[in-house]
Amino acid sequence: MLSIQNVSVTYPNETEKALSQLSFNIKQGEFVCILGRSGAGKSTFIRTLNGLQPVTEGSIHVKGANVRQLSEKETRKLRTGVGMIFQHFNLIPRLSVKQNVLTGRFGQKPAYQNFFGLFSKQELSLAEYYLKEVGLLNYAERRVEHLSGGQKQRVGIARAMMQEPFILLGDEPVASLDPNTSKNIFKLLTTLHEERGLTTVINVHDVDLAKKFSSRILGLKKGELVFDGQPNELTDAVYNEIY
Ligand code: ADP
């Protein structure tokens, strides 16, 4: 599904690499958590996967296609299949929950159709389907600004699912949430993953969440891959190496 080969990223005017010579594959249906200290390169890595961050060296193949060699049109098409959830949710506060979820569909529509009211019946019922799945159907008409953090992230997840993604990426999606809410968000993510075999790649600070919910953990340190294994292989020694 994803093949990362010798990938390095150096930001303009920086001498140190934010990512250094990463090489590994991610298979269809894996639930991968990426651990590392602040500044380790986790966010940079996630952004390379959806094409928001170009790589300086190496290559990323997504479903067999070299991301660097795609045309603009092909890149846009690829991105519509990449769902993304964010630490600060990136929702539109004054719009309703349902309207925010529907914006997940924008990538699939020609620009002139990007107005509310132009969603098909199918899309409207798909939005309701995902709102039900994330437990927010009763909040559909409520403005997002009135929701709690955990509810906002559920909207973010429903919006990503509206893209009917082949992969779901998360850039610290629970870093702004309390421990219990974080756990519930991870439970929801594993349900979506298990029901659909949805490939999921999430950055997370909390080692316990990664150990409990992922099928594989990648550890980054100063841009380098220092651990790649199953949750039960993450021993205290490995933990000390990553942190
Ligand atoms: P993490 O997500 O693990 O906290 P990041 O990917 O945000 O790590 O950052 C990795 C490294 O790249 C850090 O040294 C950070 O300072 C640097 N960095 C991140 N974004 C930029 C940027 N836009 N310009 C320059 N340096 C950056």
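What follows is a quick chat about strands, salt bridges and surface spots.

Me: Before we start, what are the ground rules?

Reply: It's a predicted model, so local features need pLDDT of at least 70 and side-chain atom pairs count only at pLDDT 80 or more, while totals for chains, interfaces and linings use all residues. Residues are numbered from 1 along each chain as its sequence is written, and side-chain values use heavy atoms, with hydrogens and water left out.

Me: OK, sheets. What is the strand order in the open sheet?

Reply: The order is β2-β1-β4-β5, four strands with antiparallel pairing. The edges are β2 and β5, each of which pairs on one side only. Strands here are DSSP E runs of at least two residues and helices are H or I runs of at least four, numbered from the N terminus. Two strands pair if DSSP finds at least two bridges between them.

Me: How many bridges hold β4 and β5 together?

Reply: Two, in the antiparallel sense. V62 has A65 in β5 as its bridge partner.

Me: And which strands does β3 pair with?

Reply: β3 (residues 31-35) runs parallel to β8 (residues 199-203), joined by four bridges. It also pairs with β9 (residues 216-221), again in the parallel sense over four bridges. For examples, C33 is partnered with I202 in β8, and I34 with L218 in β9.

Me: Is β3 covered or open?

Reply: Mostly covered: five of its five residues are buried. Buried means under 20% relative accessible area, exposed over 50%, and partly exposed in between (1.4 Å probe, protein chains only). F31, C33 and L35 sit on one side and V32 and I34 on the other, and both faces are covered. In a regular strand the side chains alternate between the two faces of the sheet.

Me: What about helix α1, how many of its residues are buried?

Reply: Six of the eight in α1 (residues 42-49). Those are K42, T44, F45, I46, T48 and L49. Just after the helix, G51 takes a positive phi of about 80°.

Me: Which residues other than glycine have a positive phi?

Reply: N6 has phi near 50° and lies in strand β1 (residues 2-9), where N6 is partly exposed at 42% relative accessible area. N13 has phi of about 65° and is found in the loop between β1 and β2 (19-26). N13 counts as exposed because its relative accessible area is 84%.

Me: Switching to charges. How many salt bridges are there?

Reply: The count comes to nine, taking a salt bridge as a side-chain nitrogen of Lys or Arg within 4 Å of a carboxyl oxygen of Asp or Glu.

Me: What does E57 pair with?

Reply: K17, with the closest N and O atoms 3.7 Å apart. That pair joins strand β4 to the loop between β1 and β2, across 40 residues. E57 is partly exposed at 33%, and K17 is partly exposed at 32%.

Me: And R105?

Reply: R105 forms a salt bridge with E123, the closest N and O atoms being 3.2 Å apart. R105 lies in the loop between α3 (97-102) and α4, and E123 in helix α4, so the pair ties together parts that are 18 residues apart in sequence. R105 is buried at 12%, and E123 is buried at 10%.
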